[in-house]
Amino acid sequence: MLRILTSAVVGAAVLLAFGLPVQAQDAVRVGLILPLTGPFAPTGRQIEAGVRLYMQQHGATVADKKIELIVKDDANVADNTKRIAQEFVVNERVNVLAGFGLTPLALATAPIATEAKVPLVVMGAATAIIPDRSPYIVRTSQVTSQTTVGIADWAPKNGIKRVVTLVSDYAPGIDIEKSFTDRFKAAGGEIIEQIRVPLANPDFAPFLQRVGDAKPEGLFVFVPAGVGSIFMKQFVERGLDKSGIRLIGTGDMTDDDILNGIGDVALGITTSHHYSALHPSDLNKKFVADFKKGFNLRPNFMGVAGYDGMQLIYKALEKTKGIATGDALLEAMKGMAWESPRGPISIDPQTRDIVQNIYVRKVERVDGELYNVEFQTFEAVKKP
Ligand code: PHB
């Protein structure tokens, strides 16, 4: 007895000495890790705003549990993401890890989710294999091979048959290059050149020179959220906006956060993607208005993925009636379906990946602002 008491006292002393927090029974802790500084800070800002907006709209208590959000910046450095996740799990005893703006950050952290048996909700990264890296990963953002579906079908039917592809040279870019190429060729298109551009500090000029020389009917582009402005600036500087080459891509290039800043040269760019700030639903109108009011930002697809990621955590907790063990939450998340500002979505219970509509959209000016105007829908697209 004395021995048990002693070890309990020592245990408590160790806890105090190392400053480990004593957990309130009724709190559920969510550790959100995002790039909030550096070149991808806009991605982190959007996701954080989405998460906070959901909490503001729905209150910070679910199934009698108080939700505690802890946010940390990884500056888009994978070693940071991993270290923060470790600290979150060991010191903060988080129930859920969330965030992960880019693929390398999610991949680096996957083993920690497995080891700790903590759900890891991916709100940004898009590379297809990510959920295969841990049975605790669930995704609310997008899958690379999903977002090329609409544009690969649309382009050859609309006079764009000879195409050059240009992608950021890292995992999601390579995925997208392949999925677009396969589907575009099957739909009757021809790829005349494939170009990969470094992700960090991209200088598109020499690559755009090659595009100009190849004289394609269309240029298919994938760059991650935020990078579209730099790409478009150099596209114009090279005079390619006057070359007759039509721009197509995934909607990452014309993300709603930067589209007005790109200006009229974006008019007519046709892309496929899962979210437009102009998506015509009452739910989305309210989402966009609240997002602008609360955070002075127009939401893009990262913002909506953060919002739905938090929504998934809330809905899972409701379903488990507040039981917040990793396995209980994960089981509750599988197969969950709900109405998002982007349209109907669900979590595939087999792959733990998002199933969502993919829309084909064209940039137009509406009420004085630039938007991706949706005109065709591919329903409930799963990871192919
Ligand atoms: C990714 O790194 O997986 C990623 C990031 C931003 C995007 C798309 C993919 O827009």
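How many salt bridges does the structure hold? I began with this count, working on a predicted model. The structure holds 18 salt bridges.

Entry 1: I looked up the pair Glu92 and Arg29, whose side chains meet in a salt bridge with an N to O distance of 2.7 Å. I then placed both residues in the chain. Glu92 belongs to the loop between helix H3 (78-90) and strand S4 (96-99), while Arg29 belongs to strand S1 (residues 27-34). The two residues are 63 residues apart, and the pair links distant parts of the chain.

**Entry 2: the ligand site.** I next asked where the ligand sits. I found the ligand in the largest cavity. I listed 15 residues around the ligand, of which Thr103, Ala126, Tyr170, Ala225 and Asp252 come nearest. Sorted by class, this shell has 10 nonpolar, 4 polar and 1 charged residues.

**Entry 3: polar atoms at the ligand.** For Thr103, a polar side-chain atom lies 2.5 Å from a ligand oxygen atom. For Tyr170, I noted a polar side-chain atom 2.7 Å from an oxygen atom of the ligand.

How values were computed: Residues are numbered from 1 along each chain as its sequence is written. This is a predicted model: local features need pLDDT of at least 70, side-chain atom pairs count only at pLDDT 80 or more; totals for chains, interfaces and linings use all residues. Side-chain values use heavy atoms; hydrogens and water are left out. A residue is near a molecule or strand if one of its heavy atoms lies within 4 Å of it. A polar contact is a pair of N or O atoms within 3.5 Å; within protein, one must be able to donate a hydrogen and the other to accept it, and residues adjacent in sequence count only if both atoms are side-chain atoms. On a 1 Å grid over the protein atoms alone, a cavity is a set of points where a 1.4 Å probe fits but cannot get out, and a pocket is an open set with protein on both sides within 12 Å along at least five of seven lines; lining residues have an atom within 4 Å of a point. A molecule sits in a cavity or pocket if more than half of its atoms lie within 2 Å of its grid points. Ala, Val, Leu, Ile, Met, Phe, Trp, Tyr, Cys and Pro count as nonpolar, Asp, Glu, Lys and Arg as charged, and the others, Gly among them, as polar. A salt bridge is a side-chain nitrogen of Lys or Arg within 4 Å of a carboxyl oxygen of Asp or Glu. Helices (H or I, at least four residues) and strands (E, at least two) are DSSP runs, numbered from the N terminus.
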